[in-house]
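Start with the structure below, then read the points by topic.

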Amino acid sequence: LSNRLSKVIKNKNIVMTNSCTSALTMALKLSNVDFGDEVISTSMTCLATNTPIINLGAKIIWADINPMTGNICPKDVAKKISKKTKAVMCVNWAGLPCELEELMKICNDNNIKLIQDAAHSFGSTYNNKSISKFSHFTCFSFQAIKHFTTGDGGALICLNKSDLNR
């Protein structure tokens, strides 16, 4: 399955999981998120997006959304970064990709990771490229109510081979 998936998303750094929540948890762990750290996220999402942050003992820092898209606002994300910030969790609201290039630049400039909850955006593109090319980690869901389903399951896509190996 991962070989077929890699052809669709044009990325071979894939770990198949039992759920998107598990993929998000792995992405947070690979981002070195631990007890007391901060993760900037959005409340405009399913509970399963932010539960892994709490489960790891980290603190959610809520960022505003763009009212036109429902997606996290990069300018507000930039304002919320602190010394404790380890990652930004963005959610592609209703399948519409976030402003991924701007978010990735903010994260790279601050040496933090961008984790993309792409549960509802399988097959989406950003600037004519797979969305998995624009964040350190992209997490997909194949749960029964998603537009591409296997009944359940998920996938973690790593931008870098070194993260996949970890």
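In this predicted model, strand E2 (residues 38–41) and strand E4 (residues 85–91) run parallel and are joined by 3 bridges. Within that pairing, Ile40 has Val88 in E4 as its bridge partner. Strands of a sheet pair through backbone hydrogen bonds, either parallel or antiparallel.

**The sheet**

- The sheet is open and has 7 strands, in the order E1-E9-E8-E5-E4-E2-E3, with mixed pairing.
- Strand E1 (14–17) and strand E3 (59–62) are the edge strands, and each pairs on one side only.
- From one strand to the next, the twist averages 20°.

**Helices across the sheet**

- Helix H1 (residues 2–9) lies across E1, strand E8 (137–141) and strand E9 (154–158), and runs at about 125° to E1.
- Helix H2 (residues 20–30) lies across E1, E2, E4, strand E5 (113–117), E8 and E9, and runs at about 165° to E8.

- Which residues of helix H3 (residues 47–55) are buried? They are Thr49, Asn50, Pro52 and Ile53, where buried means under 20% relative accessible area.
- Seen down the axis of H3, these buried residues fall within an arc of 140°, so they line one face of the helix.
- An α-helix has 3.6 residues a turn, so residues three or four places apart point the same way.
- The buried residues of H3 pack against H2, E2, E3, E4 and E5.
- Leu47, Ile54 and Asn55 are exposed, on the face of H3 turned away from its buried side.

How values were computed: Residues are numbered from 1 along each chain as its sequence is written. This is a predicted model: local features need pLDDT of at least 70, side-chain atom pairs count only at pLDDT 80 or more; totals for chains, interfaces and linings use all residues. Side-chain values use heavy atoms; hydrogens and water are left out. Two strands pair if DSSP finds at least two bridges between them. Helices (H or I, at least four residues) and strands (E, at least two) are DSSP runs, numbered from the N terminus. Axes are lines fitted to C-alpha atoms, for helices over the stretch in contact, and angles run from 0 to 180 degrees between N-to-C directions. Contact means heavy atoms within 4.5 Å. Buried means under 20% relative accessible area, exposed over 50%, partly exposed in between (1.4 Å probe, protein chains only). The arc is that of the directions from the helix axis to the C-beta atoms.
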